[in-house]
Amino acid sequence: MIEISNKTSSMVKPAERTWSGKLPLSELDQTGVTGHIPTFYFYTQSPHDWTTILQTLKSSLSSILVHFYPLAGRLSPVAGGRLELDCNAAGVQFVEAYADNKLTDLDTFLPLPIYHQLIPSIDYQNTPHEEIPLLVLQVTRFVCGGFCLSLSMSHTVADGEGALHFTCEWARISRGELLESPPYLDRKVLRAGDPPRASSSFEHAESNPPPILIEQSDNEPEHEKKTKVRMLKLTATQVEKLKKKANNSWKREMSRGFTRYEVITAHIWRTACNVRNHKPEQPTALAIAMNVRSKMRPPLPREYFGNAVIDAIATGCSGEIVSKPLGYSSSKIREAIERVDDEHVNSVIDFLKGQEDLSKFRELKSRSNGGGFCGNPNLGVTSWLTLPIYGADFGWGKEVHMTPGTHDNDGDSLILHGEDGDGSLVVALCLQVRHMEDFQKLFYQDIDMER
């Protein structure tokens with residue numbers, strides 16, 4: 001266990017006066033997971049003294065908040081189960097803490113449950129929206145001189161691309177450099193605050209109840225089962241083997257080969273269906289978190305600071321997913337991805353605008369905690385392959401390790417680059433304890449099997 005002591009908390013506000021007022025949020029901001037998403041950066045001993053490190057982080061944070069001023073605001077409830085953003089410069093929470101451990105005492109840098117001690121906790125149940133900071137940070141110093149910087153940002157304010165854009169620009173300011181890419185803050189590009197244009201003509205699978213196990217009446221028994229996390233590394237050679245296997249097994253009307261994301265996600269899906277011992281006729285759904293910035297017409301600016309992510313849903317029966325070749329499940333994933341275009345996204349927005357109570361489409365934690373798509377018999381696979389997740393240099397060198405937080409929900413997974421820059425990838429996966437060992441064994445075994 002990590003022993004944390006001497007916690008002190010303060011609010012860091014923008015260094016200059018910023019625009020104040022109420023901003024409407026888009027429907028994509030207010031649905032799906034809207035709680036805080038943590039990210040952890042670990043650093044070895046710095047040549048700077050501890051006081052200088054803290055002062056540098058606080059002053060640069062205050063400076064960057066001038067540009068990313070919505071983060072210093074608060075959410076405010078409005079009619080119809082909706083939220084708006086009150087840009088009131090209330091500030092972000094900054095916690096200083098000390099651990100009676102060394103970094104090496106963590107043993108491995110897996111996203112273990114003890115990491116909850118490295119980030120401020122938020123009591124969503126008993127704290128009004130107006131009192132919850134949209135960004136909470138904690139800097140924890142270890143006795144060896146190393147430290148952890150953790151950031152937890154409200155998913156209502158920004159998606160992963162926006163959050164990492166903020167971190168990169170904050171680090172740049174902390175190093176004494178100038179802002180490189182200002183955030184694009186106009187949420188009107190996703191029709192925030194506008195009325196619906198028309199009734200939705202699409203069937204929106206992402207709003208349907210997820211499949212449940214055939215022999216059960218709901219998913220609660222599965223949600224209550226213990227889970228564990230593994231970081232599964234794939235070498236560049238293993239990734240190419242999977243791509244070759246998928247492409248060779250499914251050449252029907254393909255204009256291009258499958259991508260890394262498509263084949264690795266298909267491999268995860270097939271392996272999970274196999275080790276979960278589903279009946280052949282068991283329905284299963286795969287939620288694919290898609291960044292739609294480039295899907296819109298015209299495309300959104302890459303620096304758009306908000307949520308531009310929707311779930312594309314691939315569905316099938318476990319028997320077919322397992323028995324048919326890798327190319328089959330890869331093709332189902334591609335079909336789901338290719339359905340998402342400007343018309344589809346606007347249809348999703350119109351569908352959500354037409355809801356009397358938007359709160360029923362909102363979850364504070366994860367899709368596996370009450371009615372989303374993760375959790376047996378389903379999965380959610382998010383790609384961080386295009387995001388700048390490594391190299392957060394605040395002036396004392398890059399981190400020795402970065403992890404995307406605590407994943408303790410069955411079926412939740414991320415695909416990210418390996419830290420060595422050698423073409424390897426990492427699958428951060430959470431499954432029920434009873435399935436994990438078999439999953440890991442079959443995950444690697446199947447790569448070497450010729451089908």
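User: What makes Asn-277 count as buried or exposed?

Analyst: The cut-off for exposed is over 50%, and because Asn-277 has 65% relative accessibility, Asn-277 counts as exposed. Its phi, near 55 degrees, is likewise a positive value in a residue other than glycine, and Asn-277 is found in the loop between α5 and β11.

User: How do you know whether the span of helix α2 agrees with what its residues should give?

Analyst: The expected span is 1.5 Å times one less than the number of residues, so the 15 residues of helix α2 (residues 160-174) should span 21 Å, and the end C-alpha atoms are 21 Å apart, which agrees. As for its surroundings, α2 is mostly covered, with 13 of its 15 residues buried, and the helix is followed by Gly-176, whose phi is positive, near 90 degrees.

User: What does the corresponding reasoning give for helix α8, and what covers its buried residues?

Analyst: The twelve residues of helix α8 (residues 342-353) should span 16 Å at 1.5 Å a residue, and since the end C-alpha atoms are 16 Å apart, the span agrees. Ten of the twelve residues of α8 are buried, and the helix is therefore described as mostly covered, buried meaning under 20% relative accessible area. Among the buried residues are Asp-342, His-344, Asp-350 and Lys-353, as well as Val-345, Val-348, Ile-349 and Leu-352. What covers the buried residues of α8 includes β6 and β12 (309-317).

User: Why is one side of β2 and of β5 left without a neighbour in the sheet?

Analyst: Three strands form an open sheet in the order β2-β6-β5, with antiparallel pairing. In this sheet β2 (21-24) and β5 (74-78) stand at the edges, each with a single partner strand, so one side of each is left without a neighbour. The twist averages 40 degrees from one strand to the next.

User: What makes β2 and β6 a pair?

Analyst: Two strands pair if there are at least two bridges between them; four bridges join β2 to strand β6 (residues 82-87), so the two strands qualify as a pair, and they run antiparallel. Within this pairing, Lys-22 stands opposite Asp-86 in β6.

User: How do you know which strands β8 pairs with, and in what sense?

Analyst: Seven bridges join strand β7 (residues 92-99) to β8, and these two run parallel, with Leu-137 in β8 as the bridge partner of Phe-94. β8 and strand β9 (residues 147-154) also pair over seven bridges, here in the antiparallel sense, and Thr-140 stands opposite Cys-148 in β9. The hairpin of β8 and β9 has four residues between the strands, and in this hairpin Gly-145 takes a positive phi near 100 degrees. Strand β8 (residues 135-142) is mostly covered, with seven of its eight residues buried.

User: What makes a set of residues a nonpolar core, and which residues have the most contacts inside the largest one?

Analyst: Such a core is a set of buried nonpolar residues joined through side-chain atoms within 4.5 Å. The largest has 55 residues, and those with the most contacts inside it are Ile-264, Ile-268, Ile-288, Ile-415, Val-427 and Phe-439. Helix α5 (residues 260-275) gives the most to this core, with nine residues. Leaving aside its neighbours within four places in sequence, Phe-439 is in contact with residues including Leu-232, Ile-268, Val-275 and Leu-431. A second, separate core of 49 residues includes Leu-164, Phe-305, Trp-384 and Ala-392.

User: Where is the pLDDT below 50, and how does the chain score on average?

Analyst: The chain averages a pLDDT of 91, and 93% of the residues score at least 70. Over residues 366-371, however, the pLDDT is below 50, although this stretch has 19 contacts in the model beyond near neighbours in sequence. Where pLDDT is low, the predicted coordinates should not be read in detail.

Methods. Residues are numbered from 1 along each chain as its sequence is written. This is a predicted model: local features need pLDDT of at least 70, side-chain atom pairs count only at pLDDT 80 or more; totals for chains, interfaces and linings use all residues. Side-chain values use heavy atoms; hydrogens and water are left out. Axes are lines fitted to C-alpha atoms, for helices over the stretch in contact, and angles run from 0 to 180 degrees between N-to-C directions. Buried means under 20% relative accessible area, exposed over 50%, partly exposed in between (1.4 Å probe, protein chains only). Contact means heavy atoms within 4.5 Å. pLDDT is the predictor's confidence in each residue, from 0 to 100.
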